[in-house]
Amino acid sequence: MEKIKLGISTCLLGENVRYDGGHKLDRLLTETLGRYVDYVPVCPEVECGLSIPRETMHLEGNLDSPRLVTTHTKQDMTNRMVRWAKRCVKELGREDLCGFIFKSNSPSSGMGRIRVYNEKGISVKKGVGIFARIFMGHFPLLPVEDEGRLHDPELRENFIERIFALKRWREALAKKESRGVVVDFHTKHKLFILSHSPRHYQAMGRLVAQAKDLPLKELYSRYQTLLMETLKLKTTVKKNSNVLMHIMGYFKEQLSSDEKKELLGVIDFYRKGHIPLIVPITLINHYVRKYDQPYLKQQGYLNPHPLELQLRNHV
Ligand code: SF4
């Protein structure tokens, strides 16, 4: 797989673009994830023409459409930022991004929980940065996260699963335009989809069953929308446990009674929170190889991202 293209707030890459001339280098993003990702840096404040260093800014006014205002001199930068951001998202549309990582707590780049001040100077942490809001409105289905949330193992896992799945989907489409591509992708991702949303699993199955009756473009667009909606929904221990039991069904005839007992025991340990998901997955992958199970061998759920990212390792 080629590297995945992700937008990112420039200061997270260690560039000195912050208001104080500093940066917010995040090594998890540059070193660990960076091996699989090509970043497209975006610093809204510098790219809309503000200097380094510069006066700090904050959001004030209405929660849904706050103003971006300098803290001491009270200059309103909203129009300048909005004009630039609208041009920027159009340009980013040509970059084939699979997602964006925003800098948290920024009135320009923060994707949520940004302080918005009222006229009395009292703030609530419920705002969205001006650029982040315009970006997410322009690309509503694209995976987005901020660097703070990505330090939570579950949120990180979900984001990485989403960007890898979107990349695999785009690569599949790039090879050849045909209904068979959608059917093949769906077949390989059934268990993956089931682990995120049993409801979407049903809906996508129905869509793929009608594939030959739909115009190709409509099939692509409806499938991609459902795929991205699905991946937004997080996997849970309960959903994963169901998928693991489902997988076990494929081995019914082949596993010895000892192997069945061992696998059931490991799934139960996972369900009770004693061991991470990687443990039953590793055991299942061992049986997939041992019994050469063709359907399971191709399932993205069993190998959704490189092992080096150490996902599915938390309890
Ligand atoms: S938070 Fe956003 S606007 Fe601020 S320095 Fe980083 S990239 Fe630039």
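Modeller: Helices are DSSP runs of type H or I with at least four residues, strands are E runs with at least two, and both are numbered from the N terminus. The model is a predicted one. N105 has a phi near 60°, a positive value in a residue other than glycine. Another loop, between α2 (44–47) and β3 (57–60), contains P53. The peptide bond that leads from I52 to P53 is cis, and its omega is near -10°.

The helix packing itself now follows. Two packed helices are described by the angle between their axes and by the distance between those axes. Helix α5 covers residues 153–175 and helix α6 covers residues 179–196; their axes come within 10 Å and cross at roughly 170°. An angle over 145 degrees counts as roughly antiparallel, and α5 and α6 are therefore roughly antiparallel to each other. On the α5 side, the contact is made by N158, E161, A165, R168, W169, A172 and L173. On the α6 side, V181, V182, F185, H189, F192 and H196 take part. By class, the contact of α5 with α6 consists of 8 nonpolar, 3 polar and 2 charged residues.

A further pair is formed by helix α9 (residues 237–249) and helix α10 (residues 257–271), which pack at an angle of about 170° with their axes 10 Å apart. For this reason α9 and α10 are, therefore, roughly antiparallel to each other. Helix α9 contributes V237, N240, S241, L244, M245 and M248 to the contact, while helix α10 contributes K260, L263, L264, I267, Y270 and R271. The contact of α9 with α10 divides into 8 nonpolar, 2 polar and 2 charged residues.

To return to the request, the packing described here concerns α5 with α6, at roughly 170°, and α9 with α10, at about 170°.

Definitions and conventions
Residues are numbered from 1 along each chain as its sequence is written. This is a predicted model: local features need pLDDT of at least 70, side-chain atom pairs count only at pLDDT 80 or more; totals for chains, interfaces and linings use all residues. Side-chain values use heavy atoms; hydrogens and water are left out. Axes are lines fitted to C-alpha atoms, for helices over the stretch in contact, and angles run from 0 to 180 degrees between N-to-C directions. Angles under 35 degrees count as roughly parallel, over 145 as roughly antiparallel, 65 to 115 as roughly perpendicular and the rest as oblique. Contact means heavy atoms within 4.5 Å. Ala, Val, Leu, Ile, Met, Phe, Trp, Tyr, Cys and Pro count as nonpolar, Asp, Glu, Lys and Arg as charged, and the others, Gly among them, as polar.
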